[in-house]
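Hi,

Here is the structure I said I would pass on. Have a look at it first, then read my notes below.

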Amino acid sequence: MKKLLNKLIIIEFEDKKSQKGILINYSKDWFLIKSNPVDFILDGYTVIKNYNVKNITTNDDTELLEKAMKLKGISVDKKIHKISLKNFDSIAESINKTFGIFSLAKKRDDAIYPGKLKKLTDKKIILTWIDLKANWGKNREFTKEKIRTIDFDTDYLVSLKLLAENNNNY
């Protein structure tokens, strides 16, 4: 894995669609990537649970994308290196403290759950939900073991947070 640090990788899963990004850090149970959702675009960061990972690869396309990103001068925010990958709780707490908002995803790719950390228990994470219009809502509870990815510092989440902080005066 060390040879893949700071490289654009593809993480292939047995049970869901692949994810691409620049590998920033990893632990036994987690990967931290700067997300590459499409083409030459990087958007935020994703912590991915090392669960049902089938393969981690690079190819000619990832090398070309990586070269383009280097030419554009894209770098990793220094705050990112403070994100602890020790365990789920340390990940959630450090992201919440540094960014104030994140989203959780389970196995399904089409549903995300954005919010800020309210509470952690042995088996659950409780988020204060933020809706699509940037209104903070009720608390939502999730089973930690079902969480597959945690996204943060994406354009979408930053926008929701800014709108919420400015009382939706737009």
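**A residue to start with**

Leaving aside its neighbours within four places in sequence, Thr 62 touches Leu 8 and Ile 10; contact here means heavy atoms within 4.5 Å. Thr 62 belongs to helix α1, which covers residues 60–71. Is Thr 62 buried or exposed? Thr 62 is buried, because its relative accessible area is 1% (buried is under 20%, exposed over 50%, partly exposed in between, with a 1.4 Å probe and protein chains only).

Before you go on, note that this is a predicted model, where local features need pLDDT of at least 70 and side-chain atom pairs pLDDT 80 or more, while totals for chains, interfaces and linings use all residues. Residues are numbered from 1 along each chain as its sequence is written, and side-chain values use heavy atoms, leaving out hydrogens and water.

**The whole protein**

You'll find 3 helices and 10 strands in the protein (DSSP runs numbered from the N terminus: helices are H or I with at least four residues, strands E with at least two). Starting at the N terminus, the order is β-β-β-β-β-α-α-β-β-β-β-β-α. The radius of gyration is 16 Å, close to the 15 Å from the globule rule for 170 residues, so the protein is as compact as a globular protein of that length (taken over C-alpha atoms; the rule is 2.2 Å times the number of residues to the power 0.38).

Along the principal axes, the C-alpha atoms fill a box of roughly 45 × 40 × 30 Å. Of the 170 residues, 44% are buried.

Cheers
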